[in-house]
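Below are some notes for a colleague who is meeting this structure for the first time. Please keep the model open while reading the points in order.

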Amino acid sequence: MLLSRFPRVSLAHLPTPLEHLPHLSKHLGGPDIYVKRDDCTGLGTGGNKTRKLEFLMADAIDKKATAIITQGAVQSNHARQTAAAACKLGMSCDLVFEKRVGDAPESYKNSGNVLLDRIYGARIREVEKGSDMNAEMEAVAEQLRAQGETPYIIPGGGSNVIGALGYIDCALEIMSQANSASLPVDHIVHATGSAGTQAGLIVGLKATHSGIPLLGIGVNAPKELQEEKVYKLAMETAEYVGAPGVVKRADVIANCDYVGPGYGVPTEAMNEAVLLIARLEGLLVDPVYSGKGLAGLIDQIQNGVLAGARHVVFVHTGGSAGLFGYSELLKTD
């Protein structure tokens, strides 16, 4: 699959490592677990959104944009990487934050990703939970146009057909690394939220006839809603890259049993997973995405769901800066 025909800027440190987790694998007594270190993409402390931003920011440049607008939760990893990308490419950045976590402590409101957003000089606007985020971003765009700016709106999570190209590229990268290491990958698991990561991965895996199943561990929506969102974007992305129909509805699988009380709200299983991988492997995962994704993977292994798999790849989507924002919400003992 030729992605070089799509505009792209270099923002990420690629390829990211594919590392074995021997201690976690032994502890769980299941398949050998490997981690795709997309926390190591480099930009603004790294994370999966940087892959998407390579294509999105190139499109913004093509459209002569001077200002970038995006949205997310207060501790959004995507917003932090977008703010960094805007700085790197000489654009201003406006962030619209939805207050999704009720009764949040001061560390959540001002530390972690939010501190980095401010360091990058992003202009921040907070709106209430349940707000029409697209309308809120368009209102900011209208203000910027009135000031002579040319705004470019990036959807939450960078999740559209342009952003999903970054995870088609990641699927190709995983397969290349697995082939080089003679590693037969039986399953890929990751956290799924705004849908762009899972949509891109499944298009890349299916278009190349990899035969590797993909499991998304949901962090936000119920199963049916999450799968439909991913499938819709996957179909649009496949069409966009010239591979229409390559993804079937049955290919899109999300397990949303680990969301807990809601998006960004800590769970005991997530907290345990964060501590377990840190203390067994020295690896930090964030509390919103990879923490819940890892909790799901651990539970799936312990309950024998992945009993037939010998080699599993867990895609680490980054966001460890968010741990500081959750310092008053996590238990460390």
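1. The largest cavity is lined by 15 residues, and those nearest its centre are Asn48, Lys49, Ala191, Thr197 and Tyr289. A cavity here is a set of points, on a 1 Å grid over the protein atoms alone, where a 1.4 Å probe fits but cannot get out, and lining residues have an atom within 4 Å of a point.

2. This is a predicted model, in which local features need pLDDT of at least 70 and side-chain atom pairs count only at pLDDT 80 or more, while totals for chains, interfaces and linings use all residues. Residues are numbered from 1 along each chain as its sequence is written, and side-chain values use heavy atoms, with hydrogens and water left out.

3. The largest cavity holds about 110 Å³ of space, a volume being the space filled by probe spheres set on grid points joined across faces, edges and corners. At least two lining residues come from each of α2, β7 (187-192) and α8, and α8 gives the largest share, with three residues; helices (H or I, at least four residues) and strands (E, at least two) are DSSP runs, numbered from the N terminus.

4. Helix α2 (residues 49-62) is mostly covered, with twelve of its 14 residues buried, that is, under 20% relative accessible area with a 1.4 Å probe and protein chains only. Among the buried residues of α2 are Lys49, Phe55 and Ala60.

5. A kink of about 25° in α2 is centred on Phe55, the bend being the angle between axes fitted to the seven residues ending there and the seven starting there. Just after α2, Lys64 has a positive phi of about 60°.

Definitions and conventions:
Buried < 20%, exposed > 50% of the residue type's maximum accessible area, 1.4 Å probe, protein only. 1 Å grid on protein atoms, 1.4 Å probe; cavity = no way out; pocket = protein on both sides within 12 Å on 5 of 7 lines; lining within 4 Å.
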